[in-house]
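Here is a friendly tour of a protein chain, meant to be read with the model open beside you. Take a moment to look it over before reading on.

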Amino acid sequence: MCSSDLESQLQHEDDALDPHIWTDPIRLIKVAENIRDALIEAMPEAKEKIAQNCDRLVRDLTALDRRIADRMAGLKGRGFLASHPSWCYFAERYGLGQTPIEITGREPSARQTAELVNLAREKNIRAVLVQQQFSRRSAEAVAQSIGAVLITADPLAEDILSNLYDVADRLANALGTP
């Protein structure tokens, strides 16, 4: 399970597993291999083509991981806020810290927002990820309060390889140097 400093401090999240594994290219390799195996079992006549496609995807995901790791070099330990806590595995993979704005799937209360703003200031957080699938209201208010860059990120984008690198690039630009 991915967790954050805010979750630890506020103790509002339960211990449910984070389902957002697709934000980590290396975890996606295991997903691809599982899909490959299931497809081969269902369509053994296409085994070679399925295996070739999976191998190509694994190479692409491995290369993407290297590109993102290079882009995030020097940013380890930096944190960002996320309107919806779907970037935990991404953060974990590249040595960043994600702090969710949502608390157990709901917008934070006024008190929780104030605590979040204080924590973000303490940690010099300068980026807030928002998603089109969720309300931006709290994220925009917090970003404005701390002077952070608001980054629209879609973990459900169809072209996951381009999307993950785009998020990494925009996040690296926002986090910059201390």
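Predicted model: local features only at pLDDT ≥ 70, side-chain atom pairs only at ≥ 80, totals over all residues.

Residues are numbered from 1 along each chain as its sequence is written, and side-chain values use heavy atoms, with hydrogens and water left out.

**The chain as a whole**

- The protein chain has seven helices and four strands, where helices (H or I, at least four residues) and strands (E, at least two) are DSSP runs numbered from the N terminus.
- Along the sequence, these elements follow the pattern α-α-α-β-α-β-α-β-α-β-α.
- Buried residues make up 43% of the 178 in the protein chain; buried means under 20% relative accessible area, exposed over 50% and partly exposed in between (1.4 Å probe, protein chains only).
- Of the contacts between residues at least 6 apart in sequence, 61% join residues at least 24 apart, a contact being heavy atoms within 4.5 Å.
- The accessible surface is about 9500 Å², and carbon and sulfur atoms account for 50% of that (Shrake-Rupley method, 1.4 Å probe; for residues, only the protein chains shown count as cover).

**Helix 2**

- Helix 2 runs over residues 25–42, and its 18 residues should span 26 Å at 1.5 Å a residue, which agrees with the 25 Å between its end C-alpha atoms; the expected span is 1.5 Å times one less than the number of residues.
- Its buried residues are Pro25, Leu28, Ile29, Ala32 and Ile40.
- Viewed down the axis of helix 2, those buried residues fall within an arc of 110 degrees, so they line one face; the arc is that of the directions from the helix axis to the C-beta atoms.
- Cover for these buried residues includes helix 3 (47–72) and helix 7 (160–175).
- On the face turned away from the buried side sit the exposed residues Glu41 and Ala42.

**Aromatic residues**

- There are two aromatic pairs, counted when ring centres of Phe, Tyr and Trp (its six-membered ring) lie within 6.5 Å; planes under 30 degrees apart are stacked, over 60 edge-to-face and the rest tilted.
- Trp87 and Phe90 make an edge-to-face pair, 5.8 Å centre to centre with 90 degrees between the planes.
- Trp87 counts as buried at 1% relative accessibility, and Phe90 is buried at 0%.
- Together with Tyr94, Trp87 and Phe90 form one aromatic cluster.
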